[in-house]
Amino acid sequence: MARTRACMGQTDGPGTDGPGTDPGNVLFVVMDTVRKSHCSVYGYDRPTTPSLEAFAEEATVFEEAVAPAPWTLPVHASLFTGLYPTQHGATQENPYLEGATTLAESLSTAGYRSSCYSSNAWITPYTNLTDGFDDQDNFFQVMPGEFLSGPLSRAWKTMNDSPALRRLADTLVKLGNTAHEYLESGGGGDSKTPDIVDRTREFIADADEGGDPWFSFINLMDAHLPYHPPDEYADEFAPGVDSTDVCQNSKEYNCGARDIDDEEWTDIESLYDAEIAYLDHHLGRLFDWLRETDRWEDTLVVVASDHGELHGEHDLYGHEFCIYDPLVNVPLLVKHPDLPAERETETQVELQDLYHTVLDHAGADAATGGEPFDPARSLVRDDYRSFADHGPADRAATQSRFPAHDDGALDDYAFVDYHRPVVELRQLESKASAAGIEISEDSRFYSRMRAARRPDGKVIRNERIPDEAYRLDVDPDELDDIAADGTAGSDDPVVADTETALGTFEGELDGEWAGDAGEDVLDDMGEEAKDRLSDLGYIE
């Protein structure tokens with residue numbers, strides 16, 4: 001990706017590949033579950049993102065950004081570690097981050113004050129995703145963040161040595177989840193986005209008053225199911241739609257227990273649009289405050305989605321059981337003093353490269369145990385993704401750089417790494433059983449998946465169903481599978497090269513998956529992982 005100016009603070013002397021030396025503030029925003037094709041900044045015909053359209057006048061808008069997985073936990077773990085899901089291990093088969101040094105820990109070592117505010121149940125102390133942040137709050141509707149991040153959380157983390165505390169914790173969380181589900185199902189749940197924005201402003205003001213550089217991370221959940229937008233936005237985008245009448249449970253549809261016709265899909269998507277517009281409004285409120293208080297110009301601002309959402313495409317609803325582009329080709333806008341305000345349509349970005357971009361802007365090295373800074377993965381470098389120009393500083397310490405990167409063979413490829421969706425699968429089975437439906441274990445619902453992607457082609461390796469291949473340049477909706485005989489061995493040169501890249505990726509991750517003969521993967525999950533899933537209300 002061509003650059004016309006050098007990165008602020010970069011030390012680009014001969015043989016120097018370290019990050020820049022001048023610390024700069026960082027605002028990192030994840031719009032949870034926001035699909036690119038429903039954002040007006042990406043050409044959608046409804047005005048869902050006017051604040052992002054204004055932001056785009058100062059930012060690089062990336063058309064080819066790729067998430068490393070289609071759901072929250074592994075994507076955030078990748079953002080915070082610079083690693084692929086199999087490398088950091090935070091998946092539904094093992095749903096918490098262990099033994100990793102996070103971006104927040106590295107920035108803390110470099111003298112930053114940091115905060116993490118979210119209402120996403122996966123971004124909490126008991127999944128370890130908040131490790132390293134000086135201040136964090138979960139903004140749960142029923143259970144306050146101070147409670148979840150205090151003594152109870154520490155007790156959970158140490159396996160709950162007290163049986164009495166374990167019983168109390170289970171009871172409280174189950175009551176909280178029940179209340180939350182009741183409020184949300186009736187449309188009475190209120191968004192925590194205004195509180196998150198207000199709290200972020202307070203944190204930034206306090207950090208500036210103390211003279212400290214700051215790193216503020218927020219996750220905004222409005223576009224995640226269920227969709228119950230505020231009346232003002234529902235009236236504009238979904239007039240006359242009763243959010244309690246439409247299907248808000250993706251598992252019912254996916255298992256075949258619930259049908260959705262075209263009219264209902266229109267209503268669902270209208271509610272979804274309203275939620276995005278509401279999120280965009282509050283994001284604009286935060287941006288305006290940063291401008292008004294002279295904090296905007298030199299701050300690195302990242303706005304991304306962790307994954308998208310399906311509304312009936314490929315006969316699926318939600319963001320499970322596939323890795324098609326509506327889920328993994330995500331919005332990404334980045335404002336940096338030395339990034340051009342333009343639309344980048346060719347260069348493909350892997351979301352975990354944002355880890356390196358933040359380190360570069362901050363002038364910080366990875367703390368002990370962290371993935372070393374890789375200049376080839378920093379978006380603010382002139383030669384971004386030119387891996388052959390930058391050998392890794394320490395091959396033994398680097399996990400995300402492969403030998404094929406050094407040869408330039410993987411410059412154009414992004415990889416998606418999706419482990420078996422244990423939690424969603426159990427919910428799907430429950431809905432199917434209640435409806436008297438039997439789901440085949442030789443289906444996508446039980447399948448791990450991996451993909452190699454470049455802007456014009458994609459190959460998907462499926463564990464239990466035939467592999468898939470698509471020419472994205474002529475088939476962006478991934479409707480024409482050109483894989484030969486269920487494998488990606490197509491004569492198409494784009495597909496063939498992409499399949500080779502996927503094979504390289506899998507080889508670096510110790511090959512394809514071992515066969516499991518259909519056993520329940522929960523049987524192999526550690527008791528602590530099961531306890532945490534139970535605490536989160538995902539398994540019984």
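**Salt bridges in the predicted model**

Arg 444 is buried because its relative accessibility is 16%, where buried means under 20% relative accessible area, exposed over 50% and partly exposed in between, with a 1.4 Å probe and protein chains only. This is a predicted model, in which local features need pLDDT of at least 70 and side-chain atom pairs count only at pLDDT 80 or more, while totals for chains, interfaces and linings use all residues. Residues are numbered from 1 along each chain as its sequence is written, and side-chain values use heavy atoms, with hydrogens and water left out.

Side chains of opposite charge can pair when their charged atoms come close. Arg 444 and Glu 468 form a salt bridge at 3.8 Å, N to O; the term stands for a side-chain nitrogen of Lys or Arg within 4 Å of a carboxyl oxygen of Asp or Glu. Arg 444 lies in the loop between helix H15 (422-434) and strand S13 (449-454), and Glu 468 in strand S15 (residues 468-470), so the pair links distant parts of the chain, 24 residues apart. Helices (H or I, at least four residues) and strands (E, at least two) are DSSP runs, numbered from the N terminus. Glu 468 has a relative accessible area of 6% and is therefore buried.

By the salt-bridge rule the count is 35. Another pair is Arg 385 and Glu 350, with the closest N and O atoms 3.0 Å apart. Arg 385 sits in the loop between helix H13 (353-362) and helix H14 (403-406) and Glu 350 in strand S11 (residues 349-350), so this pair ties together parts 35 residues apart in sequence. Both Arg 385 and Glu 350 are buried.
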